[in-house]
Amino acid sequence: MELHMFLTMYLYHCRNSVNQIFSRSLSHNCFAYQITFSYHKFQSLYSTYKHSILPCHFHHINHKLNPKPCMTNVYKYPSLLFCCSYSNAAPSRSFRRRASQRLKAKTKPRLDEAQFDHAISQLPPRFGAEELSRILNLQENPIVCLEIFNWASQQPRFRHDVSTYHITIKKLGAAKLYQEMDNVVNQVLAVPYIGSESLYNTMIYFFVEAQKLIRSVNILNHMRSCRRLDCRPSVRTYNILFAAFLRRGNNSYISHLYMEPISRLFRQMIDDGVEPDVFSLNSMIKGYVHSLHVNDALRIFHQMGVVYKCLPNSYTYDYLIHGLCAQGRTNNARELCDEMKRKGFVPSGKAYNSLVNALVLSGEVEGAVNFLWEMFENHRSADFITYQTVLDEMCRQGRTEDSMRLLKELQEKELVDGHTYRKLLNVLEDDFGNSSYRNTFR
């Protein structure tokens with residue numbers, strides 16, 4: 001008990017004096033005096049309770065604090081000394097959250113009372129929702145807009161309508177004042193006769209921006225339960241949620257997890273009689289491709305014109321070409337690429353890069369080089385990985401001169417800059433030892 005009380009008091013003393021200990025104004029002698037003074041008290045207790053002391057109670061002295069010679073006797077027992085040092089570990093999640101909250105509090109807009117009074121003075125004595133909407137629209141400060149909104153709520157014989165709620169929510173959401181926006185949203189949901197599709201879509205959009213997907217889905221369910229037809233969800237409502245879920249998929253595993261709620265949303269949309277547009281169907285195709293379910297993506301693609309009466313666009317083909325190339329199905333990818341070009345679409349840079357890399361990995365170097373030149377003709381850019389894959393495979397097949405000739409041609413046509421050229425040349429030298437060719441093309 002005595003040892004526990006001493007340890008508690010010592011740690012309390014270290015916490016209170018940490019700023020003084022690490023202050024530049026104090027000398028190392030003062031720091032040594034504090035530790036030595038406590039050490040003499042501690043030595044007698046340690047000899048009695050040394051078998052019951054946990055190693056985690058002690059920390060080594062930070063050697064960056066170079067002590068004076070008066071601390072040499074203390075350094076005989078470094079494991080018994082207490083020291084508060086700066087940690088190199090990453091800050092914890094709670095610390096980052098608190099730091100973010102403090103930063104938001106500093107950058108949060110403040111109420112400009114003069115601007116607030118000026119806005120109130122422009123309202124007529126018996127103003128309505130239309131006059132208030134005009135005043136709210138003119139406010140650039142979202143806090144002033146919120147204060148005018150709250151002030152109007154307290155006025156007798158005044159009721160907000162859809163326009164005043166909509167403007168206030170947009171102002172607060174655009175300023176990322178999500179807590180204040182949530183309070184206004186709760187007021188809207190509490191009034192059954194207030195609401196519109198555009199108002200609810202704005203709520204969903206800003207809740208998605210605030211990464212509150214569950215709140216967004218709750219707004220969607222509220223829209224579905226509304227009896228008024230102008231408050232029911234539309235295809236735009238579902239598209240906002242599709243885009244939100246797809247942004248969460250950083251890799252194929254996470255995309256696979258989020259594909260289930262996306263599929264449920266799509267089935268719910270169809271069951272509610274909402275016809276999907278090309279963005280909705282492309283979202284499904286993109287989700288299936290990212291989760292490596294390319295056959296399901298092809299199923300949606302073949303149903304677009306037959307079932308949903310919606311024709312594919314260039315994004316549709318780009319997603320499918322990328323997904324087929326990722327699975328090594330180069331023949332299907334080339335067929336889709338040819339179909340895409342027949343319909344007047346030009347593949348994107350990502351589709352071209354995927355196709356070139358897939359062809360190279362399957363051993364079809366000539367076809368990959370043809371697509372590479374086709375890229376440049378269509379003003380698409382190849383990335384460094386594509387260049388390196390093509391040149392490496394040519395060298396691996398014993399066509400070192402052809403690879404060097406291709407690299408030199410790319411440089412002469414200014415398709416690669418000097419930095420990329422030198423980097424590719426260094427990679428080939430490291431892999432295949434072609435230093436003689438480097439001297440040739442200097």
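Analyst: Helices here are DSSP runs of H or I with at least four residues, strands are runs of E with at least two, and both are numbered from the N terminus. By that rule the chain has 23 helices and zero strands. The model is predicted, so local features need pLDDT of at least 70 and side-chain atom pairs count only at pLDDT 80 or more, while totals for chains, interfaces and linings use all residues. Residues are numbered from 1 along each chain as its sequence is written, and side-chain values use heavy atoms, with hydrogens and water left out.

User: Where is Q397 found, and why is Q397 called partly exposed?

Analyst: Q397 sits in the loop between α20 and α21. Buried means under 20% relative accessible area and exposed means over 50%, with partly exposed in between (1.4 Å probe, protein chains only). Q397 has a relative accessible area of 39%, and is therefore partly exposed.

User: Which residues is Q397 in contact with, leaving aside neighbours within four places in sequence?

Analyst: Q397 is in contact with G363 and V365. Contact means heavy atoms within 4.5 Å. The C-alpha atoms of Q397 and G363 are separated by 9.2 Å, and the two residues are 34 apart along the chain.

User: What makes α20 roughly antiparallel to α21?

Analyst: The axes of α20 (residues 384-396) and α21 (residues 400-412) cross at roughly 150° and come within 7 Å. Axes are lines fitted to C-alpha atoms, for helices over the stretch in contact, and angles run from 0 to 180 degrees between N-to-C directions. Angles under 35 degrees count as roughly parallel, over 145 as roughly antiparallel, 65 to 115 as roughly perpendicular, and the rest as oblique. The angle of α20 and α21 therefore falls in the roughly antiparallel class.

User: What is the handedness of the crossing of α20 and α21, and which residues meet there?

Analyst: The crossing of α20 and α21 is right-handed. A crossing is right-handed if the near helix is turned clockwise from the far one by less than a right angle, and left-handed if anticlockwise. Y387, V390, L391, M394 and C395 of α20 meet T400, D402, S403, L406, L407 and L410 of α21.

User: How do you know which side of α6 the buried residues are on?

Analyst: In α6 (residues 129-138) the buried residues are A129, L132, S133, I135 and L136. They cover an arc of only 165° around the axis, which puts them on the same side of α6. The arc is that of the directions from the helix axis to the C-beta atoms. On the other side of α6, E130 and L138 are exposed.

User: What do the buried residues of α6 pack against, and why are α6 and α7 called roughly antiparallel?

Analyst: The buried residues of α6 pack against α5 (113-121), α7 (142-153) and α8 (162-174). The axes of α6 and α7 come within 9 Å and cross at roughly 160°. The two helices are therefore roughly antiparallel to each other. L132, I135 and L136 of α6 make the contact with C145, I148, F149 and A152 of α7.

User: Why does T164 count as buried, and what does T164 touch?

Analyst: T164, in helix α8, has 0% relative accessibility and so counts as buried. Not counting residues up to four places away in sequence, T164 touches A129, L132, S133, L136 and F149.

User: Why is I240 called buried?

Analyst: I240 has a relative accessible area of 12% and is therefore buried. I240 is in helix α12 (residues 235-247). Beyond four places in sequence, I240 touches N201, I204, Y205 and V208.

User: What makes the buried residues of α15 a single side?

Analyst: V294, A297, L298, I300 and F301 are buried in α15 (residues 294-303). Their arc around the axis is only 160°, which puts them on the same side of α15. The face turned away from that side carries the exposed residues N295 and H302. The buried residues of α15 pack against α14 (278-290), α16 (314-326) and α17 (330-342).

User: Which residues touch the most other members of the largest nonpolar core?

Analyst: A nonpolar core is a set of buried Ala, Val, Leu, Ile, Met, Phe, Trp, Tyr and Cys residues joined through side-chain atoms within 4.5 Å. The largest has 92 residues, and I169, M181, M203, I204, I285, I321 and L336 touch the most other members. Apart from it lies another core of 14 residues, including L123, F127, L132 and I135.
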